[in-house]
Amino acid sequence: MNKIKFMALASLCFILGLQSCQKEETTSIEEEAIAKKEISAKVLEKLANAQINTNNVKLVDFLLPDGTTKEMIEVEGDIFMSEEEVLSLEDDASTDRNYRTNNLVSQGKTITIIGYTGGSNALSSKERTALQWAVNNYNALSGVSISFQLTFGTNYQSKDMVVYHNPNESGSGGSAGFPSNGNPNKFVQLYGLDSYDTNVVEHVITHEIGHSIGFRHTDWFNRASCGQNQNEGAGSIGAIDLGGNDPATSVMLACFSTSEDGEFGTDDVNALRIMY
């Protein structure tokens, strides 16, 4: 996404006062080196056959909480998949354009989530507070079968999800992935949010957790919140319509503003109740 990546990745741009979930155009020496890596024709073909937009697909060295990296494929600006996950996608010949993924977290699951506190990837005090607020909002919902159990520390390996800071990303936002095998996406990154109000950081975290449990962008079909007209693609990942009539208040819009309150919109709550 080439503006403030949502949360889902890396940079900050304002379009009509809105921030996008995309990366800025500036690149470091390291980023230039990564950009030289090529996406295989096999991967691009699989993405295309799954009806996923192949514009700006790239290989990235995805930072893990312990400081190591893993090569991942970036799509949509804030979604990361391994090559294995991409190649396992099913071909999709449908033309439905509907807002959740096909895969969800197992019903009734208590998701263990940890805010990382170690070294340069530790969450700031503001980010820890925002994470607590975001988890509280999810857990306060009635009629939703999943819940979150939040701790803070460094022992993330056994947890379902880890939220941590990535000091290497430019811009402001976050990144995540989608659920698989009944489990949420494990890694949620935050970056460049020090100058933002805690409510905005809460919004970013809520958005990325939303991806991790199955939400697509509310405006995936045109990214209008970023001042764009670009379809991210439904594909075999899915973009299933969850209804609603007030998308402007959704935490899952592709781009966010500096005045976000961090709270769910009515449609977000209704969608979560449909999903879980």
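Which residues lie nearest the centre of the second largest pocket?

**Entry 1, ground rules.** I am working with a predicted model, where local features need pLDDT of at least 70, side-chain atom pairs count only at pLDDT 80 or more, and totals for chains, interfaces and linings use all residues. Residues are numbered from 1 along each chain as its sequence is written, and side-chain values use heavy atoms, with hydrogens and water left out.

I found M81, E85, F178, P179 and S180 nearest the centre, out of 28 lining residues. A pocket here is an open set of points on a 1 Å grid over the protein atoms alone, where a 1.4 Å probe fits, with protein on both sides within 12 Å along at least five of seven lines; lining residues have an atom within 4 Å of a point. I noted a volume of about 710 Å³. The largest share of the lining, 3 residues, comes from β5.

I then looked at α4 (residues 125-139) and α5 (residues 198-212), whose axes come within 8 Å and cross at roughly 55°. The pair is therefore oblique, a class left over once angles under 35 degrees (roughly parallel), over 145 (roughly antiparallel) and 65 to 115 (roughly perpendicular) are taken out. I logged contacts (heavy atoms within 4.5 Å) involving W133 and Y138, among others, in α4 and I205 and I209, among others, in α5.

Conventions
Axes fitted to C-alpha atoms, helices over the stretch in contact; angles between N-to-C directions. Helix = DSSP H or I, 4+ residues; strand = E, 2+ residues; numbered from the N terminus. Points joined across faces, edges and corners; volume = space filled by probe spheres on them.
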